[in-house]
Amino acid sequence: MKKLIKNVNIVNADSILENTNIIINGKYIEKITDVIPDGEFEIIDAGGGVAIPGLVNAHTHSPMTLLRNYADGYNLQTWLNEYIFPVEDRLSDDDAYWASMLAQAEMIASGTTLFHDMYMFMPQVVKATEESGMKALLGRGATYFGNPLFSEHQGTIESIELFKEYNGSADGRIKVDMAPHAVYTTNDKFLMHMKELAEEFGTSLHIHLSETAKENDDATAQYGKSPAQYLYDLGIFDVKVIAAHCVHLSDDDISILKNAGATAVHNPSSNLKLGSGIAPIKHLMDKGVDIAIGTDGASSNNNLNMLEELHIASLLTNGADMNPETVSASDALKWATNAASLGFHDSGKIAEGKKADIAIIDINKPHMRPVHNMRSAVCYSAGGGDVTHVFADGKMLLDKGQFTTIDIEKVYFEIDKCIKRIF
Ligand SMILES: [Zn+2]
């Protein structure tokens, strides 16, 4: 049966439509209309709430919810090497499955419908995504130390298997890309091989880029160039690159991203928490680089709340730039709904013919009133807890704040069991 979302306001990055109704037919938005047509519908009353395109978390590590609030107050290198990597060595398939399910519950509850994940245990993330109903671009996060044959290197083997088995699976909700972790955790030979695979498979390449000043200093010492220049000289930008963080980019680096059609993923909370710095968003905007927003993992944020991330992204650059006009609410919402950057070209906007990926935000809250400007209300006033309904590919994943696909009490129970075993 078709769904009718009635009594709703629509806020896209580039348009606002008040007091209307949305008709969903299967996976798609069939009609947006002031007049409810005759016919049988499953009716969802939005109660005058604001519908936005499902938020897009363009860089995260979903199973890292297990490490939420576990190691705070360290820089990236100390945090990774002394706290994160040793615990990750103890994780099992089961841990990763429940941790990703917890992450997906959190993302759904705060209005996210699509996420871009880089981690180990990806078949478990696939399983959780199949069940949760979310959409995802998944890559096996791969490091490469020493000089193993690619045919014997776990990260390479699993990257290929993941693509062949799961790209386009879950009725098209799951796509797969290549995810070499970073310049400082791989080498030239491996990066080029990952690029060749991305080329062969026709997919993107997801990598951490210039997250810290140390990463740049080390690349300059080792290769005599910045990480972006190094990747460029290796030919990595021949494929679509989705670069997370992009905190320490020079003007030349930014030109490389722009000319290659790469996406820079802004991760403001993680960069602030780990003391990595503030990404040069104004320069990226001035040069016209494609920008998306991500939360990063739950251990460096420490949540996966894209409404909060959108809020911070809308404030941070203006403060750093000492100019309230640099980033508008519309800019921030555009970045936070940038589904095209992940290859989901028919999502990211509430419009007829687009996929029905929608989050509805309650405006009947003290902090939402009065609503002078609906887009400002979404960007500056709303919190993750204000989301009442979420749809992905037309399926309702959150109904009046209740999960329809996830048994959240079971998730909490299983996560507690995992934590007792790991720590
Ligand atoms: Zn990351």
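I count two residues as in contact if their C-beta atoms, placed from the backbone, lie within 7 Å. With that in hand, I looked at contacts in the chain between residues at least 6 apart in sequence, and 73% of them join residues at least 24 apart.

**Ground rules**

I am working from a predicted model, where local features need pLDDT of at least 70, side-chain atom pairs count only at pLDDT 80 or more, and totals for chains, interfaces and linings use all residues. My residue numbers start from 1 along each chain as its sequence is written.

**Overall build**

I looked up the secondary structure and found 14 helices and 17 strands in the chain; these are DSSP runs numbered from the N terminus, with helices (H or I) of at least four residues and strands (E) of at least two. The radius of gyration, taken over C-alpha atoms, is compared with a globule rule of 2.2 Å times the number of residues to the power 0.38. The chain has 21 Å against the 22 Å from that rule for 423 residues, so it is as compact as a globular protein of that length. Along its principal axes the C-alpha trace spans about 65 × 50 × 40 Å.

Next I checked burial: a residue is buried if 20 or more other C-beta atoms (placed from the backbone) lie within 10 Å of its own, exposed if 12 or fewer, and partly exposed in between. Buried residues make up 53% of the 423.

**Two domains**

I noted domain 1 (3-53 + 348-403) and domain 2 (55-342), with bounds from an automatic or database domain assignment. Their centres, over C-alpha atoms, are 28 Å apart. Domain 1 brings 22 residues to the contact and domain 2 brings 29. On the domain 1 side, helix H13 (374-381), strand S15 (387-392) and strand S16 (395-399) are the elements giving two or more residues. H13 gives the most, with 5 residues.

**Helix H4**

I then listed the buried residues of H4: Gly-155, Thr-156, Ser-159, Leu-162, Phe-163 and Tyr-166. They cover an arc of only 145 degrees around the axis, so they sit on the same side of H4; the arc is that of the directions from the helix axis to the C-beta atoms. Gln-154, Lys-164 and Glu-165 are exposed on the other side. The cover over the buried residues includes helix H3 (122-132), strand S8 (135-142), strand S9 (174-180) and helix H5 (188-201).

Ser-210 has phi near 45 degrees; Ser-210 lies in the loop between strand S10 (205-209) and helix H6 (213-223). Asp-393 has phi near 50 degrees and is in the loop between S15 and S16. Asp-393 counts as buried because it has 24 C-beta neighbours inside 10 Å.

I also found a cis peptide bond from Asn-301 to Asn-302, with omega near 10 degrees. Another cis bond runs from Arg-369 to Pro-370, with omega near -10 degrees.

**Chain end**

I finished at Phe-423, in the segment after helix H14 (408-422). Phe-423 is exposed because it has 10 other C-beta atoms within 10 Å.
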